[in-house]
Structure formats: C-alpha cells, structure tokens
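Please look through the sequence and the model below.

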Amino acid sequence: MPRHPADPSPELVRMLCARAGPGLSDDDLTAVVDVLIAHQEAMTRLRGLEPVGEVGAFDPTWR
Amino acid sequence: MALNDEMATIAGAATALRDRDVSAAELLGQVLDRLHATEPVVRAYAHVDEDGARAAAARADEALAHGEPLGPLHGIPVAVKDVIAVADMPLEAGSRALAGRVADHDAEVVSRLRRGGAVIVGKTITHELAFGQNTPPTRNAYDPEREPGGSSAGSAVATAVGSALAAIGTDGGGSVRHPAALNGVVGLKPTYGLIDTAGVLAMGPSLEHLGTFTRTVEDCALFLSAIAPCPAPAWRNDLAGARLGVLRSFVEASDRDVQEAFAAASGLLRDLGAELVDVDIPEIELAVPVGLALVLPESADAFGQVPRADSSRLEPGTRALLAAGGLVTAGDYLVARRARPVVQAAVRGAFQDHRLDGLICPSAPAPAGPAESEEPAMKRLARPLRLHMWANVTGMPSVSVPCGRSADGLPLGIQLAAAPFAESRLLAIAAAFERAARSGLAS
C-alpha cells in the first residue's frame, strides 16, 4: 500500500485506498491525503467558531 | 461583413442583425469558420452541432424577415459547458465514466437561451466533472503551450477566440473567473441561485453557480438579462462616490506581474473617482476549508446518484478526490454548514463598516502556467481557489475583467465583487473600469 511520507495517519491512507480502488499513484494519494489532513486541521478551527444565523442559510436581506 | 472585433460581440452582432447588415446564417457561418480555424489548436469544443445551429440560425432569419419580436440574443451563436444538459447533445462532463450519455432535455438555462433567440453551437470542454484534477486538451487562447484555466476551460477559450460570441460555464470555486482571467475575457459568477441550475450536473450544489463568459462587460449584462432576472445596469462614465475594499492579502500573495497590473488597475479606478480602502477580513481565509468540507462529500454523493456512471473509468485524481469526499463525516459537513454564515457575516460586516460598494482583488494569482505540468492538480489549484472560494461561500456576485498583461504578454484579470443581487451596480463599475482600461491601451 502506498504511504504518504509525512502522514501521521496510515489509517487515513488505508481508508482512502479502499474507497478509491486500484491504480492510484503515490502522487495522487499524497495530494488527496494532504487535502484530508488540511481538512482535519481546519475542522478544529471551524468547530470553535461562534455560530451566527441559520445553518447554511444565505442572508437575503443583504442588498 | 467579416467577423471583426465589433461583430464578435453580442452588442455589435445584434445591431448588425437588426440593421440587416448580416443575417443570422451569415453570422453563424463566420463563427463556424473561426471555430474550424482555431479548434485544431485550442480544442475548446467537446461537441459541435453544426446542423442544429444552422437550423436555429435559419429560424432566426425567418423571424427577422417576418418582423417577429426578437429576444436579446436573437441569432447570437453561443456555447455551453458540457456539464449542462442540451437536448440531444452529449452530456459527458469531460469524463470517460459518463461516455455515451446524451441529454434528453434542455437545462433551464438552455431553455432560456433558446427563448432569448440564441443559436447553440455546441458543448465546450470541461475538466472531468468540473473538478480540475485532470489535464483537458483545451489550450490557452493566447499561447497554446499554456493552460486555459478551469474548469470551464472550453467556454472561456471559445469566447476568447470567437468560436462563440458568449458561453455558459459553472463556478464552484472560481471555475468561471479564473479561466476568464487567463484567456482575457469577462467572466461573471452571479449571486448564488440567480441563474437556475436545474439540468446542471452539479457535483457540489451548495457552492455551484452558473456563470457567463463574454468579450465585454456590456455583453455580460446583455447575456445575463436573457437568462436571469436582473435589471439593466445604469452605465456610468466615472466612479465618483464609489468605495471599493482592496483584499490586500490576496494581492500580496500574487506574482509580481499580477501585483503590478493590479496596482495599475487601482490607479485607473482612483482616476475614475473611486475611493480604495484596504480591508482585512480574516474569516475569508475560512472559505476554502468550509468550501471543501461542503463540496467533497456533496460530490461523492452526487456522483453516486448519476445513473450508470462507471467510477472505474474516472481519472485517478478525480477518483481519489471523490473517495476523500466519502471520508468527510456528517459531523464535519454540518460544522462547515454552520461556519458558512460566519464567513458571510464577516464580509457583510466589512461592507457596512467601510461603507463599501464592492471588493477587489486579482482574479488569477499568476499568468497561465504550462499546459502540461508535473505538479499535482490540488497544489496547482490551491492559489486560485483561495482567490475565489470566498465568493462561492458567501454567494455574492463576482466578475473577472481583463486587467493588463504579464511580461510574457499573457492576459491578467481583476476581480470585482458586490453585495448579493447587486449585479447591475457591479457591472456598471466593471464597465467603467473596462472602458478606461481600453482607452488607456489605445492611447
């Protein structure tokens, strides 16, 4: 199984490979694992935000 | 009359058609000549429907001859990105996984184009599923060794080379504005939902917008008026009283050529009477993670719902990204949904605090790069995505207007954004800038 050189989570790579199927190069995997790692890091920040307004709402009053 | 620069605009061609200087059939013939001359080099089209277009042009000429009411796009040849359904034309979204699919109905936007009198030339090439992970065959309109941008690559290039007078694209994170900048045309992503997306193969519906490519801002307004409820702009010769916020961090993150062109454009805006103020909106940097946390799982779900789609035939990069979407948890998706209004509120707050009419920044962080690149697509996309995703997350309208050239002569663009549903004001500001920039080039 290809490994992301700096990936702290081999489990993430294993799950990605299982979902994506065969034929992915190390470059393909590395790029997407980077996205997932960045996603996980960003989630920590997003979870700390103070909610405003409706979930997912687009504010129609801003003109 | 030959397809000169004036005729290659909607406004110019519409005048020529109404004055009977040219027929719709002749205009289409000239556009098809341009298409045949340029396609071997730029590869903008996935499918060309010459017979259908000639029939539509003939009907347009009959209507003209009989004095029937004419729509705003009467006899105007246009192109449509191949993620949008056009009846009896392929709908393959640039993917072998969808090879052989033919649409059995028009998307709503295509119905509106037809009602407006447009002649549909064909379907334009897109990155696979509009994801930007593969390398499509389309080449930059100014240099065939350079990338066209994406994912609405073919629509931008067809408009730039004149193998359509305008085109429709989609924009889920800059896919209209970035290729517009790289190919020297005007690209508008209107307010979220302003153009009905029914019949669009949208991989991330929360962020997906339909948008337009035209050769001028005036054409942009004409084109938009045919497909969306939008009042005509009140054109203005100066920008006295207008206050524009500069997203300085995006300027500073761009290449030197871009910074210099942006500085020159800022000078022009000031000369026109606009007041420019630097604004700092830290929450804008949340837009990319919010956007990806929304679009990745939505894409995985949307692709799973496409009938008979063969995922084993997807390009590896696309397949990997869809797989990644399946790993984003429902909890993370909901966190991103809650974070979206935070970004919207911050941008709205900046408009109120600074009494802004709009925001400006570059619409491409660098001139077009090499057409073939070893760099992973996600890395190449990161810079333009940062300049664009905030307008998708907030849903506000944003337009890319040509703004000078790089040292290598490649087009650059400036992005102007306004409050939701303020397209008319946005285009009036953009047109004033465009006129000043063109007269500066001419002098």
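How many bridges join strand β2 of chain B to strand β4 of chain B? In this predicted model, strand β2 (residues 77–81) and strand β4 (residues 166–171) of chain B run parallel and are joined by 3 bridges. On β4(B), B:Ala166 is the residue that stands opposite B:Val78.

These two strands belong to an open sheet of 11 strands in chain B, with mixed pairing and the order β1-β3-β2-β4-β6-β5-β10-β11-β9-β7-β8. The edges are taken by β1 (45–48) and β8 (275–279) of chain B; each has a single partner strand, so one side of each is left without a neighbour in the sheet. From one strand to the next, the twist averages 30°.

Helix α4 (residues 108–115) of chain B lies across β2, β3 (119–124), β4 and β6 (209–214) of chain B. Its direction is at about 180° to β2(B). Within helix α4 of chain B, B:Arg112 and B:Glu108 are 4 residues apart, about one turn of the helix. They form a salt bridge, with the closest N and O atoms 2.8 Å apart. B:Arg112 is partly exposed, with a relative accessible area of 23%, and B:Glu108 is partly exposed, also with 23%.

The loop between β6 and α7 (217–227) of chain B holds B:Thr216. Is B:Thr216 buried or exposed? B:Thr216 has a relative accessible area of 10%, and because the limit for buried is under 20%, B:Thr216 counts as buried. Apart from neighbours within four places in sequence, B:Thr216 is in contact with B:Thr9, B:Val186, B:Glu434 and B:Arg438.

Side chains of opposite charge can pair when their charged atoms come close. Over all chains, the count comes to 15 salt bridges. One of them joins B:Glu275 and B:Arg243, at 3.1 Å from N to O. B:Glu275 lies in strand β8 of chain B and B:Arg243 in strand β7 (residues 243–247) of chain B, so this pair ties together parts that are 32 residues apart in sequence. B:Glu275 is partly exposed at 42% relative accessibility, whereas B:Arg243 is buried at 12%.

Strand β8 of chain B also holds B:Asp278. B:Asp278 forms a salt bridge with B:Arg248, the closest N and O atoms being 2.9 Å apart. B:Arg248 lies in helix α8 (residues 248–252) of chain B, so the pair with B:Asp278 ties together parts 30 residues apart in sequence. B:Asp278 is partly exposed at 47%, and B:Arg248 is partly exposed at 26%. Elsewhere, salt bridges that share partners join B:Glu108, B:Arg112 and B:Arg115 into one network.

Notes: Residues are numbered from 1 along each chain as its sequence is written. Chains are lettered from A and ligands numbered from 1 in the order in which they are written. This is a predicted model: local features need pLDDT of at least 70, side-chain atom pairs count only at pLDDT 80 or more; totals for chains, interfaces and linings use all residues. Side-chain values use heavy atoms; hydrogens and water are left out. Two strands pair if DSSP finds at least two bridges between them. Axes are lines fitted to C-alpha atoms, for helices over the stretch in contact, and angles run from 0 to 180 degrees between N-to-C directions. Contact means heavy atoms within 4.5 Å. Buried means under 20% relative accessible area, exposed over 50%, partly exposed in between (1.4 Å probe, protein chains only). A salt bridge is a side-chain nitrogen of Lys or Arg within 4 Å of a carboxyl oxygen of Asp or Glu.
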